[in-house]
Amino acid sequence: MRRQRIVKPADPTAIAGGMVMQLYVVGGAPNSVQALANLERICQQHLQGHYQLEIVDVLEQPLRALADGVIVTPSLIKRSPLPVTQVVGNLSDPGKVLLALGLPGKSP
Amino acid sequence: MKRVDPQPLSKMATGIGGFDELSGGGLPRNRTTLVMGGPGSGKTVFSLQVLANAARQRDESGIFVAFEERGREVIANAATFDWGLPALAERQIYILDAHLSPTVIQSGDFDLSGILAILKAKKEQMNARWVVFDGIDVLLTLLQDPILEMREIYRIRDWLADSALTAIITAKLDSQTVQGTNYGFMQFMVDCVIRFDRRLEYGVPAHRLQVTKYRGSDFASGEFPLSFGPSGIEVAPPEPPEIIHEASTERVSAGFERFDAMLGGGLFRGSSTLITGAPGTSKTTLIGKFAEAACQRGERTLFVSFDEGADQITRNLSSVGIDLHPHIQSGLLWMYSGRTEARSAEEHLIKLRALIRDHQPRCMVIDPLSAMAKAGGIGAARAVANRLIHLMKDSKITVVISALIEGNDPQAEATDLQISTIADTWIHLSYVVRSGERNRALTIVKSRGTWHSNQVRELVLSETGPVLTDVYSAGGEVLMGTLRWEKEAEEIAKQTQRRVEFEHKQRDLEFAEADTQARIKALELDLQRQQAELALYTLDGKARVLSSSEREDKLRRMRSADQVIDTDPAAILPPPDPVTPGDASGAGAGQSASEEQ
């Protein structure tokens, strides 16, 4: 299965400073499902829609995942703004995710 | 999940020297092998070597999943081995960099289903037959939950069972470490378990390998030493329980003629000879002479020395007329100089085994084998020496080994490496100190299956090589050094005198003979003269008898006297002449004339 969800920003001027992310998942694996849910919650709370999220199913695009350096799933890569950061796991720890995304989030 | 139907166990050769022998053919095909051991025990090298050999020898592709190091580090670390990994990594071996960067942040649980999906795609893309998970524990410990770790390992197992790949999983598992308890179940899960071990024995690192499990197959279960050479790991394979050596009756020269004569014609082809002696008793010279003779026969030879460089040995040997340089240059002679401090005897054995395999020598020398006992303990060295000799016998190599003994008692060897009991020929070199001199003596302590001299001989080193001198014994001891020289000089003087005496006597006899011959000649001449004289005298007598009767007749006629008829001619013969026969003829005539008046 392949899911690609581009969340349109509410304010078009914010796109330039918006966040570009890729979430690598494996189909309906429990960790992957959990990661997606956790990420969406974080994004809603902290990005207010100023982001692009691509969901890559490794089962469908394994060689792309390999090229992107993804080893374990789920895996979140933040491409923009720089620096590129990677978070592995089901993103159950929002504090660490925010840290990785460079967001001054509330500590959990 | 659908499983691949179980098939009769077939094996994939690893191409690792010794390992395929002890595992009965290699690793189980399409099954999983667990390679466990502490850090630096050789797990990664073993796995990479299996992939490299499969790629080079059978053109089988493989994937190496590196959890511990970066892919390029794996290649760089393997550069010391002659596998040509950088070239292989472009086509047949794919090194998957599964090393998590330290900048990666972990948040919550993860699993390996992603990487397994990647591997599946990669496997199909390159038609891989092998997969190695190197250091899986590095990644899984991040889960910080033994149950989750176990879940991921089962995930790998299930994936492998469906994938028709021959797999190797390495893990830093050791019975001593904490992780061992967590990963113990892996040993039940996989089909083959190989345990690597690295420990210090008498300060020398000793690497060992042990197959602890092999489902559906028998295997040599002992611990086997391994070493790291240019082509990677070499394992010392199990020795065959039965000794099968062909005993040759062919003789090869032990180096020089007189030595061969002492040995009853030389050494048997494929036999082992031990030369023992204290330092400086010229063991190396004898060994060098044997090596030179072997090269001169055109036989490939391996010269193994310990703790002395090859260059130094050839230089020293050239001072006693043994020139090994041309044979080294022609490639007939290989010199190997090993350092004994840092390596265990096992490692030396593995190295020598590799050299024998590569050079295929017919003759081999080791100088001195006793150096192997320096590091790693005497017990190990003894076992190694024993196996080394059997290895050379199996390869039909004629070998001469030296062993250092402090002191002059050859029996000291029996307490040292104990090679003397398995060697076929045992030659002992010693010093004999007498009359303020130290001379070298050579004894053949034993020589199996052949006549040999029982006499102690003096070994003299000359510019043209070692020489065994003539034997002089006095008072039950072999004379050596200047005592021998004196004896030799004395012997020469005696011989000269004997020759002079003989010639004198001969001349005497010749003179006597000539004298006798001369006398015989004179007597013969005298005899001839006497015979001639006798003949003459007889004729004269007859003539005289005849003439006197005629004269009487004439006288009677002149006197007109009566004819005397019955005159006996013998009665008229004069009485025997008292004068010497010399003047008989002349005097006779005169006498008869005077009688007529």
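Predicted model: local features only at pLDDT ≥ 70, side-chain atom pairs only at ≥ 80, totals over all residues.
Residues are numbered from 1 along each chain as its sequence is written, chains are lettered from A and ligands numbered from 1 in the order in which they are written, and side-chain values use heavy atoms, without hydrogens and water.

**Chain B overall.** Chain B has 18 helices and 25 strands. Helices (H or I, at least four residues) and strands (E, at least two) are DSSP runs, numbered from the N terminus. Of the 597 residues in chain B, 46% are buried. Take the contacts (heavy atoms within 4.5 Å) in chain B between residues at least 6 apart in sequence: 70% join residues at least 24 apart.

**Aromatic pairs.** Over all chains, the count is 5 aromatic pairs. Rings of Phe, Tyr and Trp (its six-membered ring) pair if their centres lie within 6.5 Å; planes under 30 degrees apart are stacked, over 60 edge-to-face, and the rest tilted. The rings of Phe19(B) and Phe46(B) have centres 5.1 Å apart and planes at 75°, so this pair is edge-to-face. Phe19(B) lies in helix H1 (residues 19-22) and Phe46(B) in helix H2 (residues 43-58) of chain B, 27 residues apart. Both Phe19(B) and Phe46(B) are buried. The pair of Phe67(B) and Phe133(B) is stacked, at 6.3 Å centre to centre and 15° between the planes. Phe67(B) sits in the loop between strand E4 (61-66) and helix H3 (71-77), Phe133(B) in strand E7 (residues 128-134), 66 residues apart. One aromatic cluster is formed by Phe19(B), Phe46(B) and Phe196(B).

**Helix packing.** Axes are lines fitted to C-alpha atoms, for helices over the stretch in contact, and angles run from 0 to 180 degrees between N-to-C directions.

| Helices | Angle | Axis distance |
|---|---|---|
| H13 (residues 345-359) and H14 (residues 378-394) of chain B | about 15° | 9 Å |
| H5 (residues 113-126) and H7 (residues 146-163) of chain B | about 20° | 11 Å |

The contact of H13(B) with H14(B) includes Leu349(B), Leu352(B) and Ile356(B) from H13(B), and Val384(B), Leu388(B) and Leu391(B) from H14(B). Its residues divide into 10 nonpolar, no polar and 3 charged. Here Ala, Val, Leu, Ile, Met, Phe, Trp, Tyr, Cys and Pro count as nonpolar, Asp, Glu, Lys and Arg as charged, and the others, Gly among them, as polar. From H5(B), Ser113(B), Leu116(B), Leu119(B), Lys120(B) and Lys123(B) meet Arg155(B), Ile156(B), Trp159(B) and Ser163(B) in H7(B). That contact has 4 nonpolar, 2 polar and 3 charged residues.

**Backbone details.** A cis peptide bond joins Asp367(B) and Pro368(B), with omega about -15°. Pro368(B) is in the loop between strand E18 (363-367) and H14 of chain B. Ala164(B), not a glycine, has a positive phi near 55°. Ala164(B) lies in the loop between H7 and strand E8 (166-171) of chain B. At 36% relative accessibility, Ala164(B) counts as partly exposed.

Technical notes
Buried < 20%, exposed > 50% of the residue type's maximum accessible area, 1.4 Å probe, protein only.
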